[in-house]
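Subject: Structure handover, with notes on its pockets and cavities

Dear colleague,

I am passing on the structure below for your work.

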Amino acid sequence: MEIKAIRMFDGGFMNQEFAFGGEGKEGTDPQIIYRSSLQNFLIDTGSEVILVDTGFQDDFKAPEKKLGAPLYMGEKIKDYTEAFAELGYKPEQVTKILITHKHPDHSAALQYFPNAKIFIGPEDADAMKLPEGGNIIRAQYGTPFKNFPNAQEVAPDIWFIEAKGHTKGNSIIIAESDGLYYMFHGDVTYCDAALKANKLSIVFEDIAAARETLDRVREFIKNQPTVYLSTHCPEGYENLEMKRVMTV
């Protein structure tokens, strides 16, 4: 199994109030800044090419840099399809797309992959008004995976896991390879510092569910050697490059 980052933006920032303030901004400092970026991921199993999330559709114009903004994604490196192609793949090779949640930086490029089956949490599929059937597969949870009660194995050693909170249909994906667990968590946290500090971001649809999900994520990491693959900070691709196991 090979896992690769599809990198779109880099050189951004987020402030601590944004990244840590979901359960209250008291004690946060808006002048403390963390690095920001945007990347999604690709899993090559040897027999399948699987995407974890897709970025914005091509030619998306990100908000301009504004000093003092709570979140600045960074400068665009490449459009999603360009970054995907530079990894050496063609769109028709993609067999599955695993969507962590409905937000467009995770789901807006689905149309570029005509042969892919798209797995997504049912609530987010409904929110996006995706059709029933065809290549859209609403996740059918029902099998526990480690400390997560609701999961579905979508390929050998790759699990699609219910993880509500950030959105009502939020999911995470965990792939097991060579004794390591690779956790693609979408936006459970926006930066790795928030995971370590046990803090929720200010972006959620169900705060109680978001807290339960973060607790389960941290428990999983404490008990399994986990490479934590973030979408919105450079540690996402750095952890992957170094196979760096997260500690909390």
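On a 1 Å grid over the protein atoms alone, a cavity is a set of points where a 1.4 Å probe fits but cannot get out, whereas a pocket is an open set with protein on both sides within 12 Å along at least five of seven lines, and lining residues have an atom within 4 Å of a point. Grid points are joined across faces, edges and corners, and a volume is the space filled by probe spheres set on them.

This is a predicted model, in which local features need pLDDT of at least 70 and side-chain atom pairs count only at pLDDT 80 or more, while totals for chains, interfaces and linings use all residues. Residues are numbered from 1 along each chain as its sequence is written, and side-chain values use heavy atoms, with hydrogens and water left out.

The whole structure holds three cavities of 30 Å³ or more. The largest cavity has about 70 Å³ of space, and among its 13 lining residues His 166, Asp 187, Val 188, Leu 200 and Ala 210 lie nearest its centre.

The largest pocket has a volume of about 200 Å³, and of the 13 residues that line it, Ala 62, Pro 63, Leu 71, Tyr 72 and Met 73 lie nearest its centre.

The second largest pocket, with a volume of about 150 Å³, has a lining that includes Phe 148, Glu 162, Lys 164 and Arg 216.

Best regards
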